[in-house]
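Here are my notes on the structure below.

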Amino acid sequence: MKPLDLVIRLEWAIVALAAVIFYGSTGISWWLFGLLILAPDLSMSGYLAGPRVGALAYNALHILIVPVLLLGGHMWGNTAAMAVALIWIAHIAIDRALGYGLKLPTGFQDTHLGRIGHKARTAKENQSLTRSPG
C-alpha cells in the first residue's frame, strides 16, 4: 500500500472514531448504534437488479451528503436525527478506512478507490506469487 493511501485510510479511521465518540455524547442507546451500523449495506440488494442499479443504490447510501445534512438536526434539537447521522457517517468512514469505495456501474468490485477483492492484485504481485524460488 502506498504511503498516501495509508494516510487517507488513517484519516477515515479517525473520522469513524470521532463519529462513534460524538454518538456516545448524544445519550442515545448503543442498541440503536448496533442495529443501524450495517443498515447502509442493505443497499447492496440493488445488485439483484444488475450492476448499474446496484451501484446507484449502494452509492446513494454511501455518500456523506445526506448524513451531514442530518447533523443539522442538532440545530433543531433533534437528537435522534443527529444520532442516526453519526451512525451513518461512522459506517461510511469505516468502509473507506477498510478500502471500500463508491461503486462503479461495471460491477460490485469496481470502486472509485480501485478494484477490491482477490482479483485486485496487480500483474506484478501475481507474478511474484507464482514464481518458484531458486
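1. Phe108 is in contact (heavy atoms within 4.5 Å) with Met44, Tyr47, Tyr58, Lys103 and Ile116, once neighbours within four places in sequence are left aside. The residue belongs to strand 2, residues 107-111. Strands here are DSSP runs of E with at least two residues, helices are runs of H or I with at least four, and both are numbered from the N terminus. At 32% relative accessibility, Phe108 counts as partly exposed. Buried stands for under 20% relative accessible area, exposed for over 50%, and partly exposed for what lies in between, with a 1.4 Å probe and protein chains only. Phe108 and Pro51 are 57 residues apart along the chain, yet 6.7 Å separates their C-alpha atoms.

2. A word on the basis of these notes. This is a predicted model, in which local features need pLDDT of at least 70 and side-chain atom pairs count only at pLDDT 80 or more, while totals for chains, interfaces and linings use all residues. Residues are numbered from 1 along each chain as its sequence is written, and side-chain values use heavy atoms, with hydrogens and water left out.

3. Helix 5 has 19 residues and spans 26 Å from its first C-alpha to its last, close to the expected 27 Å; the expected span is 1.5 Å times one less than the number of residues. At its start, a side-chain oxygen of Asn78 comes to within 3.3 Å of the backbone nitrogen of Ala80. Gly99 follows helix 5 and has a positive phi, near 95°.

4. His91 is part of helix 5 and is buried, with a relative accessible area of 3%. A polar atom of the His91 side chain lies 2.6 Å from the backbone oxygen of Ile37. Not counting residues up to four places away in sequence, His91 touches Ile37, Leu38, Pro40, Asp41 and His62.

5. Asp95 also sits in helix 5, residues 79-97. Beyond its neighbours within four places in sequence, Asp95 contacts Asp41, Tyr58, His62 and Tyr100.

6. Helix 1, residues 3-26, has 24 residues and reaches 35 Å from first C-alpha to last, close to the 34 Å expected. Its buried residues are Ala16, Ala19, Tyr23 and Thr26. These pack against helix 2 (30-36) and helix 5. Just after helix 1, Gly27 has a positive phi of about 80°.

7. For the chain as a whole, there are six helices and three strands, and the order along the sequence is α-α-α-α-α-β-β-β-α. Of the 134 residues, 31% are buried. Among contacts between residues at least 6 apart in sequence, 53% join residues at least 24 apart. The accessible surface is about 8800 Å², and 70% of it belongs to carbon and sulfur atoms; areas come from the Shrake-Rupley method with a 1.4 Å probe, and for residues only the protein chains shown count as cover.

Technical notes
A polar contact is a pair of N or O atoms within 3.5 Å; within protein, one must be able to donate a hydrogen and the other to accept it, and residues adjacent in sequence count only if both atoms are side-chain atoms.
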